[in-house]
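Please look at the structure first.

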Amino acid sequence: MIELVKEGVYLKSGIPVYGGEGFPDKNEARERTIAYSILRAHNQSGDKNKLRIKFDCLTSHDITYVGIIQTARGSGLKEFPVPYAMTNCHNSLCAVGGTINEDDHVFGLSAAVKYGGVFIPPNLSVMHMYMREEMAACGRMALGSDSHTRYGALGTMGVGEGGPEIVKQLLSNTYDVDAPEVVLVYLEGAPKPGVGTHDVALALVRATFSSGFVKNKVLEFAGPGIANLPIDFRNGIDVMTTETTCLSSIWQTDDKVKEYYQAIGRPNDYKELKPGEMAYYDSMVKIDLSKIECMIALPYHPSNVFSIKDLNANMEDILSGVDKETKKQFGGKVELNLLAKARDGKLWADQGVIAGCAGGTFDNICDAAKILEGGDIGNGYFALSVYPGSAPVNLALSKNGVLVSLIEAGAVIKPTFCGPCFGAGDVPANNGLSIRHTTRNFPNREGSKPGQGQLSGVALMDARSIAATARNKGAITAATDFEDTVAGLPFVYDKDIYEKRVYNGFGNSKPNEELRLGPNITDWPKMYPLGKNLLLELTAVIHDDVTTTDELIPSGETSSYRSNPLKLAEFALSRRCPEYVGLSKAVAAAELERIEGKAPTRVLAALEKVGAANEIDHTQFGSTIFAKKPGDGSAREQAASCQKVLGGFANICYEFATKRYRSNCINWGMVPFTVEPTFDYAVGDMVFVPGIREAIETGKEEIQAKVIRQRGDVEEILLYVRNLTPDEKAIILEGCLMNYYAAQNMK
């Protein structure tokens with residue numbers, strides 16, 4: 001089904017071959033990949049190994065754009081230098097917090113007018129659907145403050161990063177990254193009827209995630225199997241490459257892509273992209289599409305994947321494994337009893353959702369309706385919600401009768417909204433099992449509140465199998481069990497609603513326009529430069545194999561406060577380590593005393609133990625978290641900024657799960673420490689890092705530090721700070737990205 005080839009391969013006349021005598025040098029041949037042809041065209045540096053990228057277009061949604069613009073405004077923003085699309089798809093529900101949600105949307109429109117941006121009103125399009133329909137183009141690069149910024153199937157290299165990287169682009173600076181390895185994803189064969197885009201995507205995630213096979217690399221899709229995939233099918237695989245932890249993705253383009261650009265009225269944005277003769281790839285993922293089965297990703301990660309056939313054959317063992325993982329994740333404080341949902345040899349779901357940039361596409365919804373045709377979802381506990389991904393998709397489905405068919409079957413058609421993907425819409429009942437064609441099923445993401453005894457389970461499935469399950473009243477069913485699974489309806493694109501409702505001010509900034517600031521939109525608190533020494537108190541210690549950004553800062557109801565840094569910070573780690581906020585505030589209070597010239601007892605006592613009491617005036621006191629592998633998932637910079645607002649000055653880990661989370665830590669002035677995998681310290685222990693400022697300034701990558709245990713003993717520890725760029729060093733030294741720009745503006 002999927003084969004991972006660790007050694008490098010060449011693509012010769014469209015066929016993977018291994019090197020040998022007469023083959024070109026791999027470094028030379030890597031330049032012939034599609035990825036490198038695009039990267040080189042956007043690189044502003046003269047160094048082939050250290051890239052400084054400027055993007056063609058930018059995008060953010062309404063959980064991130066307010067903070068981004070506030071940061072950029074505080075750093076000297078005058079106007080948007082490239083098209084910047086601000087969608088309102090994450091907090092368009094506007095259900096919590098009074099007027100503050102719509103206040104942010106009004107702010108976004110005023111910013112688009114003032115700085116020359118593109119503003120897409122609420123419920124008009126999810127972020128990535130708009131980008132596919134209106135801003136992707138062959139050979140472009142797009143940067144988004146959302147991890148699922150992926151438009152590779154349409155010839156655009158998309159990168160999802162935290163908001164500070166958007167700020168850098170808005171200020172005409174660059175995205176700095178080491179030249180990445182390129183992985184060939186070679187597709188052959190054709191999917192069997194009933195197998196959908198999510199089935200292939202989940203199989204790819206399962207094959208690559210846990211080993212880090214493609215981490216921070218570019219996936220380049222080629223091979224004869226591409227021709228057998230419709231555009232929506234390709235887009236659905238492409239957007240899920242984020243869950244593999246790759247950096248970006250790009251696909252070979254063909255006549256189907258050309259036809260797509262013609263259909264949406266942008267024929268000039270198509271051009272053929274294909275690898276050059278004898279292009280070199282650092283490794284390969286080989287996928288035989290004909291062998292992919294209908295898949296399901298069980299809680300609590302998109303990589304926890306089984307075929308539905310295997311699930312039904314080994315139900316007790318597989319579900320017992322999930323229930324054991326629940327106890328491990330939540331320490332036995334709350335339970336999810338999936339075994340109780342197995343009856344008569346079937347697993348029963350309580351809810352189905354088809355939504356967002358992955359699920360809410362035209363073909364997915366048409367095929368789901370085809371499977372439900374003539375049937376119904378029943379009047380039991382199972383419910384089905386369908387969220388078309390954009391107004392043009394919604395309009396097309398209305399005109400061709402698909403929405404009528406779905407409503408007749410008992411589905412509820414809901415507005416364009418990303419909420420079900422991150423826990424702000426269709427939150428399941430306690431101990432409920434929701435099957436979703438969305439992007440993630442992390443713990444704590446879909447409305448669960450373990451601290452209050454509330455826990456639900458989310459499984460990812462393709463829209464077609466969700467429809468098959470809905471037709472069977474909630475019994476998990478593979479779409480391959482049905483004969484008619486492909487609607488084959490043409491997508492008739494009508495952009496008239498965009499032309500009527502989208503504000504496009506690019507190239508027409510109005511600097512005299514006043515920003516409309518609601519009462520919840522606040523500036524960032526003062527942040528201080530890095531001190532000579534650093535004393536860190538561990539206020540959270542997490543030993544999970546991976547810690548997601550949704551655990552660092554929960555999604556869902558917290559999104560109402562994303563424009564108020566102090567209020568949002570109250571939610572940091574609230575569902576994983578509820579004590580974290582209080583402990584961090586106590587550390588921050590002690591640091592404020594130190595700044596005011598006092599000598600906090602806890603700080604002085606710790607420094608005395610390491611013989612540095614006379615250094616108290618030069619030793620910054622802050623909080624830190626330890627997690628084995630933090631930062632999987634969302635690009636939301638709040639996962640880092642909330643820590644900084646609470647007085648955080650570092651993360652300590654074995655490795656960072658993603659580049660984007662590490663970048664977020666750096667951009668918020670937190671030192672990205674890594675340690676050997678023998679860390680054995682607890683909440684309340686302290687780490688003294690002498691000479692940290694000089695170490696960062698001089699590029700020292702190994703730093704001797706001391707751990708001061710609560711029980712009184714002191715131990716040596718070696719901390720690593722590797723591969724910082726000159727700009728990253730400067731940002732950490734200044735205390736955050738805003739301080740860095742302020743310092744530049746004063747020169």
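Q: In this predicted model, how is the crossing of H3 and H4 handed, left or right?
A: H3 passes H4 in a left-handed crossing.

Q: Which residues of H3 and H4 meet?
A: From H3 come Tyr65, Val66, Ile69, Gln70 and Arg73. From H4 come Asp104, His105, Phe107, Gly108, Ala111 and Tyr115. By class, the contact has six nonpolar, three polar and two charged residues.

Q: What is the order of the strands in the open sheet?
A: The order of the three strands is E3-E2-E14, and the pairing is antiparallel.

Q: What makes strand E3 and strand E14 stand at the edges?
A: Strand E3 (15-17) and strand E14 (279-281) each have a single partner strand, so one side of each has no neighbour in the sheet. Neighbouring strands here are turned by 35 degrees against each other on average, direction ignored.

Q: How do you know that E2 and E3 pair?
A: Pairing needs at least two bridges. Three bridges join strand E2 (residues 9-12) to E3, so the two strands count as paired. They run antiparallel. Lys12 stands opposite Ile15 in E3.

Notes
Residues numbered from 1 in each chain as written. Predicted model: local features only at pLDDT ≥ 70, side-chain atom pairs only at ≥ 80, totals over all residues. Heavy atoms only, no water. Left-handed = near helix turned anticlockwise from the far one by under 90°. Helix = DSSP H or I, 4+ residues; strand = E, 2+ residues; numbered from the N terminus. Contact = heavy atoms within 4.5 Å. Nonpolar A, V, L, I, M, F, W, Y, C, P; charged D, E, K, R; others polar. Axes fitted to C-alpha atoms, helices over the stretch in contact; angles between N-to-C directions.
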